[in-house]
Amino acid sequence: MKCRICGYQDADRVGRLMPYLDYAVSVYGCGNCGSRFVSRKPDAYERLHSDAASTYGKHHSAASDAKSVLENKAAGDFRQNLLETPKYKYVIEAIEGEDNIERILEMGCSTGVLGAYFVSRGYKYVGVDVSRTAVEMAKSSFGPHYYVPEELPSPDDRQYDAIYFVGTIGCVDDPLEFIRQALVKLRPGGMLLFNAPNVEACEKFDDIWLSGTMPPDLVNLFDRKIWERYFGGSAEVITMIETERPEKVFKKIVRKMVTGSSVPKAKVNLYTAGRAGGENEHKERSTDAVRLRYARGLLSGIYHRLLDTILALPLGNRYPSEFGEYIVMRKK
């Protein structure tokens, strides 16, 4: 099997994965770049975004929550809420830590939540996503800053100061070309920021895939050395690895002991989970409901930090986070 990531001709079949009751895939591992990948149908994301009861229902809910908060001029609360998600925290702090960033491009903007924050802070922001459904929701929620690729306006004579994507590089069919195109759009000295799914996180548990996100959403897992190897000539590359929360490691260890795999067994169908009345159903939320959800998030954070502190000593820092491979590329 040809590696979809680096083009190596002899990627091996690692095994078969059944992430949903009605969906199964073969997983391949590449001996050249160290990555793993699966195949999927080209229209997967549009189908997921079009069905609010699918696994992408949370994107719809997040856009509704963010819209409600911003309409009530609670930008400070919105920022604090975003910082609770590590991949958002990474991008926000990196961009706000630079003095010369004005123009921002987000590739894979989904329903526009993180982009809405940068718009509210006065940046010249543009977001792009392959799902027209997601883009239309972003526009209706946050304004005309979002595009599908074929409608993205041509840039003027200035390139972008910062480009970022969160949770996207593991979801595209040609990730190395995706990054090359991003670097083309970036000015010299500008920053490319993204996080990547870490193949080492599943290798630690001798599993073929990560437990957190399944195909057809996530289709690529990466070795941490790949970024310097392929992009060190055109950018200064810094890779940081976040360790997994001890609580999550403990749950994986227990699941591995009981079931033989840290990857959860399939329990639902791909597109029919959470139908009418289910937990993924898209609903408009009042400001009070959003604030209640925010308060619950703070209490949950306290609980997790306490549990992590208790478990940290026996588990240590031996386990990399599934999506905690953070990469900065500063264009030469």
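In this predicted model, Arg 187 has a relative accessibility of 18% and therefore counts as buried, since the limit for that class is under 20%. Arg 187 is part of strand S8. Leaving aside residues up to four places away in sequence, Arg 187 touches Asn 100, Gln 159, Tyr 160, Asp 161 and Lys 331. Arg 187 can also be compared with Ala 162: the two are 25 residues apart in sequence, and their C-alpha atoms are 8.3 Å apart in space.

The buried residues of helix H7, which covers residues 175-185, pack against strand S8 (186-196). Their other partners are strand S4 (103-107), strand S7 (160-165), strand S9 (220-221), helix H9 (226-231) and strand S11 (320-331). Which residues of H7 are buried? They are Pro 175, Leu 176, Phe 178, Ile 179, Ala 182 and Leu 183. Viewed down the axis of H7, these buried residues fall within an arc of 155°, so they line one face of the helix. The spacing follows a general rule: an α-helix has 3.6 residues a turn, so residues three or four places apart point the same way.

The view can now widen to the whole protein chain. The chain contains 11 helices and 11 strands. Of its 332 residues, 48% are buried. Taking contacts between residues at least 6 apart in sequence, 73% join residues at least 24 apart. The chain exposes about 16000 Å², and carbon and sulfur atoms supply 52% of that area.

Next comes the backbone. Most residues other than glycine have a negative phi, and most peptide bonds are trans. Where does this chain depart from that pattern? Phi of Ser 110 is near 55°, a positive value in a residue other than glycine. Ser 110 sits in the loop between S4 and helix H5 (113-120), and its relative accessible area of 11% makes it buried. Asp 206 also has a positive phi, near 55°. Asp 206 belongs to the loop between H8 and S9. Is Asp 206 buried or exposed? Its relative accessibility is 67%, so Asp 206 counts as exposed. The loop between helix H8 (199-203) and S9 also holds Pro 216. The peptide bond from Pro 215 to Pro 216 is cis, with omega near 5°.

The last topic is empty space. Rolling a probe the size of a water molecule over the atoms shows where empty space is left. How many cavities of 30 Å³ or more are there? The count comes to 1. The largest cavity holds about 30 Å³ of space. Its lining is made up of Ala 201, Cys 202, Phe 205, Asp 207, Trp 209, Leu 210, Ser 211, Lys 252, Ser 262 and Glu 322. By class, these lining residues are 5 nonpolar, 2 polar and 3 charged.

There are also pockets. The second largest pocket contains about 180 Å³ of space. Its lining includes Arg 16, Leu 17, Met 18 and Pro 19, along with Asp 207, Ile 208 and Met 214. Ser 261, Val 263, Pro 264, Lys 265 and Ala 266 line this pocket as well. The lining of the second largest pocket has 8 nonpolar, 1 polar and 3 charged residues. Asp 207 lines both the largest cavity and the second largest pocket.

Notes. Residues are numbered from 1 along each chain as its sequence is written. This is a predicted model: local features need pLDDT of at least 70, side-chain atom pairs count only at pLDDT 80 or more; totals for chains, interfaces and linings use all residues. Side-chain values use heavy atoms; hydrogens and water are left out. Buried means under 20% relative accessible area, exposed over 50%, partly exposed in between (1.4 Å probe, protein chains only). Helices (H or I, at least four residues) and strands (E, at least two) are DSSP runs, numbered from the N terminus. The arc is that of the directions from the helix axis to the C-beta atoms. Contact means heavy atoms within 4.5 Å. On a 1 Å grid over the protein atoms alone, a cavity is a set of points where a 1.4 Å probe fits but cannot get out, and a pocket is an open set with protein on both sides within 12 Å along at least five of seven lines; lining residues have an atom within 4 Å of a point. Grid points are joined across faces, edges and corners, and a volume is the space filled by probe spheres set on the points. Ala, Val, Leu, Ile, Met, Phe, Trp, Tyr, Cys and Pro count as nonpolar, Asp, Glu, Lys and Arg as charged, and the others, Gly among them, as polar. Accessible areas come from the Shrake-Rupley method with a 1.4 Å probe; for residues, only the protein chains shown count as cover.
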